[in-house]
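Trainee: I have a new model open and would like to go through it with you. Could we start with the sheet and then move on to the contacts?

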Amino acid sequence: MLELRSVSKVFGELSALHQVDLWIPPGRVSGLIGPNGSGKTTLVNLITGIYAPDTGQILFNGVDIVGLTADQITRFGVARTFQNIRIFSRMTVLENVLAALISLDNPSWRMLLGYAKSADDPRLNMALKALETVELQNEAGVIAGELPLPLRRRLEIARAFVRDPELLLLDEPSGGMTPTETANVASLIRERIAPGRTCLVIEHKMDLISDVCQHLCVLNHGEKIAEGPPGTVLEQPQVIEAYLGRD
Amino acid sequence: MPNEYVLTIISNIGMISLIALSAYLLLVTGQISFGQQAFFGISAYAGAIATTLWGWPFWLALIFGSGLAGLAAGLIGLLTLRISGMYFSIATLAFAEMIRLSLFELTYQIEIDGELIGPNGAEGFGEIRWIFDHDISVLEYTLLIYAVLLLVLVGMVLLERSRLGMIFRMLGSDALLTKTQGLSPVRYKISAAVIAGFIAGLGGTLYAHSFTYIEPQIFNVMLGVHSLAYGLIGGLGTVLGPLIGVAIDIGFLESIRIFQGYRMIVFGGLVAVMLIFMPRGILDEARVYWIKAVARRWFNA
């Protein structure tokens, strides 16, 4: 599915990622954890084409996607959410989800000039279904910027999975949430989003990671320090040290 | 029947609304252009040359002038693709000034009926007499301006409801997020630039034939600043926003004697106040949605 080979990225003097190898198994939920500044979001930005790596390969279904632009990578079947929520805040909730579907097929001028919310368009049904999945169907007409944080996160998730991507990257899907809200997002991912899909969840919260992930990678100071089943990985001394520090 | 002074103000509102709509379209896509007056000017000269020197029918000249403006706008869009924010604004201003200064050098005169007519540098272009040759009254020409404006408004309303319109708003909200929805901004930024240039161009040809005299100084930066301000005052939530801005400035501030001499002070203050308290104008997106929701409820009841 997705494989990173010796991927490095340097920003000025700072080595954000150094020779990272990573494998995301298909059809499963993988977790990516690490302390602040360990390179998690940089890695997601490299996979989604927002940055280009300085060295290394990123293979998606065997094809090296390094050098492709963010929009090309999305059309390849990769979708994501953002650590700092990004929504089209002046558009409605439904429009936000429809926005993700415009490029589903290569948009022709005829399609582009058509009514965005046409009842005949299968995209409208897809968007409404996605909103139902994340339980936002009653907010379809609400301006997205007016939603409270937990619902904005849900909207981002709906927008990311409505295209039925082959790889779904969720960057801190419970960021800023209370324990109850985090548990709700975890059950949403586990029960409705993840089944049958390849996901990479970037998180700080171990309860969410343990709840939804079958595979775990740990980054620290831009290097991978552990990989494997969550139960085993979380007990490794270098992982504990990265999170809790040395005695 | 309204007197000629009132009609002139009304027709002026119509023509300036077109350049305001042009700037508005770019504002919706998140681009602040200080250069839409260049496309207004290009079309004013091109359209006027087509009717006056080449004897083309008005409609053909209107399409020719506007098409040329759209083409120039597309070219500038292509050249400024990789820049945004303040850099884009400065680039558009520099281009507009380049065009204005070039018009000072433009001399293209043809002898017609024993006289040399056509643009003559700083002296301008003063023989645009299509309305006189065709015996068009001020009222008739005002109606023609509003017919064009109505067509543009209908087109823009349809555009706003379309997927392309949605992409324009997406770009204006978050260009990076738009990219991660699988859409390359290149195609859409250039499309917006061409459409905006064309709309400004419609205003330009209409303006030249209305005033029958044009000179490079008309297309200075103040025209561009005003066209931007109209959208920012009226609101970026609907195509009616810039029209409200134009109506406030030309219909109210410029036309009412009490503001004579102080218009720019009042207008500048108004823009400053709006930017602080209503940064996306009177009819911003939230208010437009609210109005639509109320209208729907009322209609259903």
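**The sheet in chain A**

Mentor: Happy to! S6(A) and strand S7 (residues 167–171) of chain A run parallel and are joined by three bridges. Strands and helices here are DSSP runs, of at least two residues (E) for strands and at least four (H or I) for helices, numbered from the N terminus. This is a predicted model, where local features need pLDDT of at least 70, side-chain atom pairs count only at pLDDT 80 or more, and totals for chains, interfaces and linings use all residues. Residues are numbered from 1 along each chain as its sequence is written, with chains lettered from A and ligands numbered from 1 in the order written.

Trainee: Which residue in S7(A) is the bridge partner of Ala79(A)?

Mentor: Look along S6(A) and S7(A), which run parallel. In S7(A), Ala79(A) has as its bridge partner Leu168(A).

Trainee: Why is one side of S6 and of S10 of chain A left without a neighbour in the sheet?

Mentor: The open sheet has six strands in the order S6-S7-S8-S3-S9-S10 (chain A), with mixed pairing; strands pair if DSSP finds at least two bridges between them. One side of strand S6 (78–80) and of strand S10 (223–228) of chain A has no neighbour in the sheet because both stand at the edges, each with a single partner strand.

Trainee: What angle does the direction of helix H1 of chain A make with that of S7(A)?

Mentor: Helix H1 (residues 40–47) of chain A packs on the sheet, touching S3, S6, S7, S8 and S9 of chain A. Axes are lines fitted to C-alpha atoms, for helices over the stretch in contact, and angles run from 0 to 180 degrees between N-to-C directions. The angle between H1 and S7(A) is about 150°.

**Domains and chains**

Trainee: How far apart do the C-alpha centres of the two domains of chain A lie?

Mentor: Chain A is divided into domain 1 (1–77 + 165–247) and domain 2 (90–164), with bounds from an automatic or database domain assignment. 12 residues of domain 1 are in contact (C-beta atoms, placed from the backbone, within 7 Å) with 11 residues of domain 2. Their C-alpha centres lie apart by 26 Å.

Trainee: Which helix gives the largest share of the side of chain B that touches chain A?

Mentor: Start with the contact itself: 21 residues of chain B are in contact with 25 residues of chain A. Helix H7 (163–173), helix H8 (175–179) and helix H13 (285–300) of chain B each supply at least two residues of chain B's side. The largest share, seven residues, comes from H7(B).

How values were computed
Contact = placed C-beta atoms within 7 Å.
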